[in-house]
Amino acid sequence: MTMVKLPAATAPARPAATSRTRRGRADRKPRILIAVTALFFALLYLPIAVVALYSFNSKKSLTVFGGFSLRWYRAFAHDDVIIASLGTSLRISLVATAGSVVLGVALALGLVRCRTRLGSLAGLVMLVPLITPEIVTGVASMLLFKGLGIALSTGTVMLAEITFSISYVTVILRSRVAALNPEVEEAAMDLGATRWQAVRLVTLPALLPAVLASAVLIFALVFDDFVLAYFTTGVDPQPLSVRIYSAIRFGVQPTINAVGTLMLAGSIALIALALFIPRLFGRRGGLDILSGE
Amino acid sequence: MDATTPAVRLDGVSKQFGDSYAVHHLDLDIDAGHFFSLLGPSGCGKTTSLRMIGGFTDPTEGSVVLSGEDVTGRPPNRRNVNTVFQSYALFDHLSVTDNVGFGLKRKGVAKAEIRQRVGEMLELVQLDGLADRRPRTLSGGQRQRVALARALVNRPAVLLLDEPLAALDLKLRRQMQVELKQIQREVGITFVFVTHDQDEALTMSDRIAVMNEGRIEQCGTPEDIYEHPASRFVASFMGTSNLMSGTYRDGEVALEQGPALPVGTRSGISDGTAVSVSVRPEKIWLSDFEPGMSKLRGQLRETVYSGPTTTYLIELAPGVTLSVLEQNTDRARMEDRWSGGETVEFGWRPEHCLVLA
Amino acid sequence: MALLRHSSRTRKDTSGNRMWVWLMLPGTLWMTGFLIASLALVAVLAVGTTDELGNPRFGFDLSGVRALADPAYTEVLARSLGYALLTCAICLLIAYPVAYTIALHGGRYKNALIAAIVVPFFANYLVRMYGWSVVLSDDGPVLRALRAIGLADSNTKILNTGVGVVAGLVYGFVVFMIIPLYAALERLDVSLVEAGRDLYGGPFRTFFFVTLPATRQGAAAGLVLVFLPAMGDFVSAQLMGGPDQIMIGNLIQDKFFQGQNWPLGSALTMLLMLVLLVGMFGYLRRTRKDEAEVRR
């Protein structure tokens, strides 16, 4: 990591350090802190690197690297069960993203603009999934489907994922809606648009970057989600993360390294894209997509 | 609609928020073709009044009548008025052309006509070179013109402008004031202009309504408002006015501190009434008096040079300081005649001394 | 007149709000219906029974709830609490220096560095945990490195121990501590730190009297955000721990999948929710007190 080099590069004798005397000692780089941070980054990426590295291993071992090979990727490509699971996961993610984005955007608009008791109630309900651990939502969803006599299937996973993704979409978009200039909507109405046309023609286009970013993020989160899918999925074909869970529970399977590497690469790309989307529209992009602030 | 029907009539209009009135029983007629300004400090109800004309806020009482038609409760998209917002409220995802054409498109105007009218309008506001740009890439002044064009292109009966120049720097603001007035004359549309800047209102308006605490204090031509303020508030809001409090008796006002000022006999004010006296700084003379002027003496305290004019602060009595404005013409300036602390004589024509009950 | 005015105002409010209500309604109904119905079912089933086919049956049977008092379960609950709290503490110790370094010394790489932390954390949890278990395995790089510098011998293990479980939980959730801390530190006014230097002198005193109090709310939020998922996690205990390190999440999973004792599983879920609600309540009370202090 480049971080490790920083302390040496900022030796106190540098003239640049003296030119910044106004901030004085606050500017001196604390070596210990930087070392801790570097170690943190190393440990953060080590597991990912190990999975990626051994996915190219020619041997079956997880500790001895026998040479570069694509055999596990080939094995994955020929594993019909895993391919079927991949299809299931993609379908679930698409449906859940579409459903939760539509419902979540509408909810965010309503929550910000509607100052009624219903609005504050909806605001509270929306927070529940965010503070409930996944195992509880998983158990609860499963019981609901069983209680209603609905057989667990890909469809039930979709329904459950929509429910718990609405909150994320709403949290991400709520602050964006609140930051919109309400005069812009009024201007549209002033120019002849009805209230709904104003939302459609002006508000939604203004929110488009945030909507797209949240859609990409939700797609990645749903695709990667395991707990909720685990509790609400039927027998066949199970979503990919459930399949991976069963596989890693019952011993080492190098194919999983290949699948895992592909999944990590895919979701890292998607999440990076979600962070980057606002910049494509010339807005300040950033982590507020993830934190909702 | 005949020529005497006002373009806008507010008939006993009130807007209440909770227990407090933002606008209190407002009666107001705005003549067609006028440049009309609603002037007042922030919170005086001028923007709320404008929003009620535009349809963004519904009055709690009274009715809004546009060109003889009662539009109270009707949404903005069904009123023949357009607004230039303080924030401009441009559509950032649309080009300048599409911003300006938005209203016409909503009305279902044919594409060719939209293109033609938008082109003409962009020419009028001198934006023809920027038609394909996004609003975000324009300067403040350019954005302001887009907002103006976007509203005017619809040929509304009334154009509402909510402090449209507030975000511009002083020089650009001066320039836009002149341009806005020219455009208004050219298109002949009634402008209702909200501002807190008295200079702006005086420069541009045919008529001004000065508002305070939800009520209209005075409505008249700029000259009326400036030369003959009807109340203490209007006098003090419109420029420097040298307000002095005192008691009226026998054609004189005895100041609380200091001498009695001769003001002439005023009908309608009975003896013993507490009044304010106001003389505009530029109406006070420092030499070459005319016969019949009221003349007083005071001590020169301060001289403030500001280019074309110089302001002198003269202490009439302890606690009563008048400000006097002189053009910096070729003739001898006062500090060449007197130095600080000296006693000077000054005076004014009796008709320039206002007595406000 | 007063009556008329009132009615005209109500008309205005509803017409202005109606579209927003309609927009809000589907999502709200969906979530309320789903959440309330499902959580209520958990509560009901905690006192219910199951038929021979494993389908839930409603009834009033306290055996599930009563079973919670069994020492086997209380021990698991205590262990879960202990692990989750330990995870919170370790996350705070790790996240603070990292967030502090990035926020105050990250310069123009600040955003990139935080993104480099956040992005992989939102990537597949299972694969990351699996990779982490490989890293911590007996032949993995961590133990090898520790052995090389003499901090471990050939018998030292991380996997299948409590250390492994906590390490898994920390790896899984430390980002939830970093984000709020980073946000708080980023907001921290540099002039405040400078003022602190004038008032208190040394960097350590400044840190304790200025920086730390200013970031207390961020730390509190981080603690809750880590505690919630750590308390309910069952993957870490499964991959990193052995049968002796199971947590309440593993018990719940077991009761629903292997043991097919749904009432007991539901009762355990309710117990978990109860613990978390107590934690949340404590957090809310704490922040409210903090806010009150700030206002004063």
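Q: What is the handedness of the crossing of helix 4 of chain C and helix 8 of chain C, left-handed or right-handed, and what makes it so?
A: In this predicted model, the crossing of helix 4 of chain C and helix 8 of chain C is left-handed, which means that the near helix is turned anticlockwise from the far one by less than a right angle. The axes of helix 4 (residues 110–122) and helix 8 (residues 175–187) of chain C come within 10 Å and cross at roughly 145°.

Q: Why are helix 13 of chain A and helix 4 of chain C called oblique to each other?
A: The axes of helix 13 (residues 254–280) of chain A and helix 4 of chain C come within 8 Å and cross at roughly 130°. Perpendicular pairs are those of 65 to 115 degrees and antiparallel ones those over 145, and the two helices are therefore oblique to each other. Helix 13 of chain A passes helix 4 of chain C in a right-handed crossing.

Q: What makes up the contact of helix 13 of chain A with helix 4 of chain C?
A: Helix 13 of chain A brings S267(A), I268(A), I271(A), A272(A) and L275(A), while helix 4 of chain C brings A115(C), V119(C), P120(C) and F122(C). The residues of this contact divide into eight nonpolar, one polar and no charged.

Q: How many residues of chain A are in contact with chain C, and which helix of chain A gives the most?
A: 70 residues of chain A are in contact with 71 residues of chain C, and helix 3 (residues 31–55) of chain A gives the most to the side that touches chain C, with eleven residues. That side of chain A divides into 47 nonpolar, 14 polar and nine charged residues.

Q: What makes up the side of chain B that touches chain A?
A: 19 residues of chain B are in contact with 15 residues of chain A. Strand 6 (81–84) and helix 2 (96–107) of chain B each supply at least two residues of this side, and helix 2 of chain B gives the most, with four residues. The residues of this side of chain B divide into seven nonpolar, eight polar and four charged.

Terms used
Residues are numbered from 1 along each chain as its sequence is written. Chains are lettered from A and ligands numbered from 1 in the order in which they are written. This is a predicted model: local features need pLDDT of at least 70, side-chain atom pairs count only at pLDDT 80 or more; totals for chains, interfaces and linings use all residues. Axes are lines fitted to C-alpha atoms, for helices over the stretch in contact, and angles run from 0 to 180 degrees between N-to-C directions. Two residues are in contact if their C-beta atoms, placed from the backbone, lie within 7 Å. Ala, Val, Leu, Ile, Met, Phe, Trp, Tyr, Cys and Pro count as nonpolar, Asp, Glu, Lys and Arg as charged, and the others, Gly among them, as polar. Angles under 35 degrees count as roughly parallel, over 145 as roughly antiparallel, 65 to 115 as roughly perpendicular and the rest as oblique.
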